[in-house]
Amino acid sequence: MRTLLTQFFAVHDVTKLRRAVTEQAGSCGLSGPRLDDFVLAVHESVVNAVQHAGGHGHFTLWTVDGVIRSETSDDGPGIPDRFVDGSRRPPDMSSTGRGIFLMRRLCDETDFRTGPDGTTVQLTMRLPRNSRQRMRRIRVSADGRPPRRFTT
């Protein structure tokens, strides 16, 4: 397991946290629509904690066994059972209820643990098999002349 990011957050941290998740998930190999989907799902989990669970929470992002996983936790009152399922699309005119629906549709796996002492949401995306970036050799020259055989 490799922890990429861990922090407490409040409403003023949401944008910075979204940018950090985008950067970290991208560096792990997520790209294109899968990166967009994961970042949007994470954003929904963080915004739900801010809006419905006291305005703050804790966020962790890590990789393990070919996946990237986020965990958003709060100490709010819990999510009512009718929302946790998230299997039905909310009505078009509804102003709430889309977050869990989106998280479940956008990620490869979702897990909700909720109760009167708080909620923990884990979101998981499989990473591409070729997500390990190879180190490239860089030729170094200190005197401005073409480098000799020294490489790092």
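Student: How many salt bridges does the structure hold?
Tutor: The model is a predicted one. Side chains of opposite charge can pair when their charged atoms come close. In this structure, the number of such salt bridges is 3.

Student: Which residue forms a salt bridge with Asp108 at 2.6 Å between the closest N and O atoms?
Tutor: Asp108 lies in the loop between α4 (98–106) and β4 (109–115), and its partner lies in helix α2 (residues 32–52), so the pair ties together parts that are 74 residues apart in sequence. The closest N and O atoms of the pair are 2.6 Å apart. The partner of Asp108 in this salt bridge is Arg34.

Student: Where in the chain does Arg126, another partner of Asp108, lie?
Tutor: The side chains of Asp108 and Arg126 meet in a salt bridge, with 3.6 Å from N to O. This pair links distant parts of the chain, 18 residues apart: Asp108 is in the loop between α4 and β4, while Arg126 is in strand β5 (residues 118–126).

Student: In what order do the elements of the protein chain run from the N terminus?
Tutor: The secondary structure of the chain comes to 4 helices and 5 strands. From the N terminus on, the order of these elements is β-α-α-β-β-α-α-β-β.

Student: In what order do the strands stand in the sheet, and which are the edge strands?
Tutor: Strands of a sheet pair through backbone hydrogen bonds, either parallel or antiparallel. Here 5 strands form an open sheet with antiparallel pairing, in the order β1-β2-β3-β5-β4. Two of the strands pair on one side only, and these edge strands are β1 (2–10) and β4.

Student: Which strands do helices α1 and α4 lie across?
Tutor: Helix α1 (residues 14–27) runs at about 170° to β1 and lies across β1, β2 and β3 (67–74). Helix α4 runs at about 145° to β4, and the strands it lies across are β4 and β5.

Student: Is Thr60 buried or exposed, and with which side chain does its own side chain make a polar contact?
Tutor: Thr60 lies in strand β2 (residues 56–64). Its relative accessibility is 14%, which is under 20%, so Thr60 counts as buried. Leaving out residues up to four places away in sequence, Thr60 touches Thr3, Leu5, Thr6, Arg69, Ser70 and Glu71. The polar contact of its side chain, at 3.4 Å, is with the side chain of Thr6.

Student: How far apart in space are Glu109 and Gln122, C-alpha to C-alpha?
Tutor: Glu109 is placed in strand β4 and is partly exposed, with a relative accessible area of 46%. Apart from its neighbours within four places in sequence, Glu109 is in contact with Arg69, Gln122, Leu123 and Thr124. Glu109 and Gln122 are 13 residues apart in sequence, and their C-alpha to C-alpha distance is 8.1 Å.

Student: What share of the residues of the protein chain counts as buried?
Tutor: The accessible surface of the chain comes to about 10,100 Å², of which 49% belongs to carbon and sulfur atoms. Of the 152 residues, the share that counts as buried is 38%.

Conventions:
Residues are numbered from 1 along each chain as its sequence is written. This is a predicted model: local features need pLDDT of at least 70, side-chain atom pairs count only at pLDDT 80 or more; totals for chains, interfaces and linings use all residues. Side-chain values use heavy atoms; hydrogens and water are left out. Buried means under 20% relative accessible area, exposed over 50%, partly exposed in between (1.4 Å probe, protein chains only). A polar contact is a pair of N or O atoms within 3.5 Å; within protein, one must be able to donate a hydrogen and the other to accept it, and residues adjacent in sequence count only if both atoms are side-chain atoms. Contact means heavy atoms within 4.5 Å. A salt bridge is a side-chain nitrogen of Lys or Arg within 4 Å of a carboxyl oxygen of Asp or Glu. Accessible areas come from the Shrake-Rupley method with a 1.4 Å probe; for residues, only the protein chains shown count as cover. Two strands pair if DSSP finds at least two bridges between them. Axes are lines fitted to C-alpha atoms, for helices over the stretch in contact, and angles run from 0 to 180 degrees between N-to-C directions.
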